[in-house]
Amino acid sequence: FTVVSVGLSFAFNNEGWFGLIVIVATIQLTACNYYCKTVRSTKIALLVNTFLWAVYSFLISDVAYGIANSVIFLAGLVSLLRYERKAFSH
């Protein structure tokens, strides 16, 4: 499905360089779902992915989705920082 998704993204990309962010985000999330084996790496992968989608959303002027992804990114960052603090306190 990832190969099909990336192929279709290349075929129908009408946003130039901005459209490549979608492809990078798709590949990044797929690879991380396969390779991430810890809570920390999974949280970081999701942070990177929500950041990519937030950037893409703002670049294409989808402000509502950009704000939503920014809020999700910040919540994920807080979650990661709390997780790290808890991990180091033990």
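User: How many disulfides does a search of the whole structure find?

Analyst: The search finds 0 disulfides in this structure, which is a predicted model.

User: How do you know that cysteine 32 is in no disulfide?

Analyst: A disulfide requires two cysteine sulfur atoms within 2.5 Å. For cysteine 32, the nearest cysteine sulfur belongs to cysteine 36 and lies 4.2 Å away. Seen from cysteine 36, the closest cysteine sulfur is that of cysteine 32, and 4.2 Å is too far for a bond.

User: Why does cysteine 36 count as buried?

Analyst: The term buried applies under 20% relative accessible area. Cysteine 36 has a relative accessibility of 18%, and therefore counts as buried.

User: What makes α3 and α4 roughly antiparallel to each other?

Analyst: The axes of helix α3, residues 39-59, and helix α4, residues 63-89, cross at roughly 160 degrees. Angles over 145 degrees count as roughly antiparallel, and α3 and α4 are therefore described in this way. Their axes come within 8 Å, and the crossing is left-handed.

User: Which classes of residue make up the contact of α3 with α4?

Analyst: That contact has 15 nonpolar residues, together with 7 polar and 3 charged ones.

User: What makes up the largest nonpolar core, and which element gives the most to this core?

Analyst: The largest nonpolar core consists of 5 residues, namely Ile21, Val22, Ala25, Leu52 and Tyr56. To belong to such a core, residues must be buried and joined through side-chain atoms within 4.5 Å. Two or more of the core residues come from each of α2 (17-35) and α3. Helix α2 gives the most, with 3 residues.

Methods
Residues are numbered from 1 along each chain as its sequence is written. This is a predicted model: local features need pLDDT of at least 70, side-chain atom pairs count only at pLDDT 80 or more; totals for chains, interfaces and linings use all residues. Side-chain values use heavy atoms; hydrogens and water are left out. Axes are lines fitted to C-alpha atoms, for helices over the stretch in contact, and angles run from 0 to 180 degrees between N-to-C directions. Helices (H or I, at least four residues) and strands (E, at least two) are DSSP runs, numbered from the N terminus. Angles under 35 degrees count as roughly parallel, over 145 as roughly antiparallel, 65 to 115 as roughly perpendicular and the rest as oblique. A crossing is left-handed if the near helix is turned anticlockwise from the far one by less than a right angle, and right-handed if clockwise. Ala, Val, Leu, Ile, Met, Phe, Trp, Tyr, Cys and Pro count as nonpolar, Asp, Glu, Lys and Arg as charged, and the others, Gly among them, as polar. Buried means under 20% relative accessible area, exposed over 50%, partly exposed in between (1.4 Å probe, protein chains only).
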